[in-house]
Amino acid sequence: DTEGLLRIKEENQKHYRRAQRHQEKKEKIQRHNRKLGDLVEKKTYDLKTQYEHLANLRRTHILELTSVIFPIEEVKTSVRDPADVSSESDNAMTSSTVSKLAEARRTTYLSGRWVCDDHNGDTSISITGPWITLPNNGDYSAYYNWVEEKKTTQGPDTEHNNPAYTISAALCYATQLVNTLSLILDVNLPKKLCNRQFCGENLSRHRFTRAVKKLNANILHLCFSQHVNLDLLHPLHTLRNLMYLVSPDTENLGR
C-alpha cells in the first residue's frame with residue numbers, strides 16, 4: 001500500500017506539472033488572442049476611416065460632376081393653379097369643388113391609365129441646361145408620337161423646338177450620368193444601357209419605353225445603394241430621382 005501510495009503521489013505531481021504547463025499555454029494563447037483582437041479593432045477602425053475618406057472623395061467627384069458638366073435643376077413653369085383661377089372667378093365656390101380641382105390637377109393620364117403626380121404642371125427637371133428638360137410626370141409620349149408622325153410625313157424636319165428633341169437629349173445625358181456614377185460609386189447596374197441609346201436613329205415606341213424603363217431601374221438602384229429617402233422617389237420621375245441622388249443633402253452619398 002505504501003509503494004502504491006508513492007506511485008500515485010508521483011503521478012499526481014506529473015499531472016500537476018503538466019497542468020501548470022497547460023495553464024501557461026492557455027495564458028499565452030489568451031495574450032495572443034488579445035493582441036489579435038486589438039489588431040483587428042485597429043484595422044477595422046483604419047478600414048472605416050478609409051471608407052469614409054473614399055466616400056468623401058466620391059462625393060466630391062460627384063458634386064463636381066453634377067455642378068460643372070451635368071447640372072440638374074428644377075425649372076418652374078408659369079402655370080396657374082386652376083383652383084385659384086376658378087376661385088377668383090367664382091367667389092361662391094365650395095371647398096369641395098376646390099379640392100376636386102386640385103385632385104384633378106395632380107392626376108395624369110399616362111400610357112392608358114391614370115397616375116397620381118403631385119408635381120404635375122408645376123415644374124420640370126432640366127439637365128446640362130434649362131433648355132433640356134423632361135416632363136416631371138414621366139410622360140414621354142411626345143417622342144414616339146413625333147417618330148410616328150415622321151414615318152407618315154415626307155420631307156425634312158424643320159421644327160427645331162420639337163419636344164421630342166429635348167426628351168431624347170435629356171435621356172441621353174441622364175444615361176451618360178448614370179453610367180458615370182456607377183463607375184465612381186463602384187455599383188454594378190442591374191440593366192445594361194449604352195450612352196448612345198437615345199440618340200441617333202429614331203426609336204420605336206416599344207424600344208423607347210423599354211430603354212426608359214431600364215434607365216429608371218438603374219437610377220432607382222443607385223438611389224437604393226446610397227440610402228436615398230424612399231418617400232422622395234417615384235418610379236416614373238427619371239430626372240427628379242437623379243436629382244435627389246446627387247443632391248448635397250443626401251447624407252450617404254458616396255457610401
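## Terms and basis

A residue is buried when its relative accessible area is under 20%, exposed when that area is over 50%, and partly exposed in between, with a 1.4 Å probe and protein chains only. This is a predicted model, in which local features need pLDDT of at least 70 and side-chain atom pairs count only at pLDDT 80 or more, while totals for chains, interfaces and linings use all residues. Residues are numbered from 1 along each chain as its sequence is written, and side-chain values use heavy atoms, leaving out hydrogens and water.

## Aromatic pairs

Rings of Phe, Tyr and Trp (its six-membered ring) pair when their centres lie within 6.5 Å; planes under 30 degrees apart make the pair stacked, over 60 edge-to-face, and the rest tilted. The count under this rule is five aromatic pairs. One of them joins Phe70 and Tyr173, with ring centres 6.4 Å apart and planes at 65°, so it is edge-to-face. Phe70 is buried at 7% relative accessible area, whereas Tyr173 is partly exposed at 30%.

The rings of Tyr143 and Phe208 have centres 4.3 Å apart and planes at 15°, and the pair is therefore stacked. Tyr143 lies in helix H4 (residues 141–152) and Phe208 in helix H6 (residues 205–225), so this pair ties together parts 65 residues apart in sequence. Both Tyr143 and Phe208 are buried.

## Helix H5

Helices (H or I, at least four residues) and strands (E, at least two) are DSSP runs numbered from the N terminus. H5 has 23 residues and spans 32 Å from first to last C-alpha, close to the 33 Å expected at 1.5 Å a residue; the expected span is 1.5 Å times one less than the number of residues. Asp186 follows H5 and has a positive phi, near 60°.
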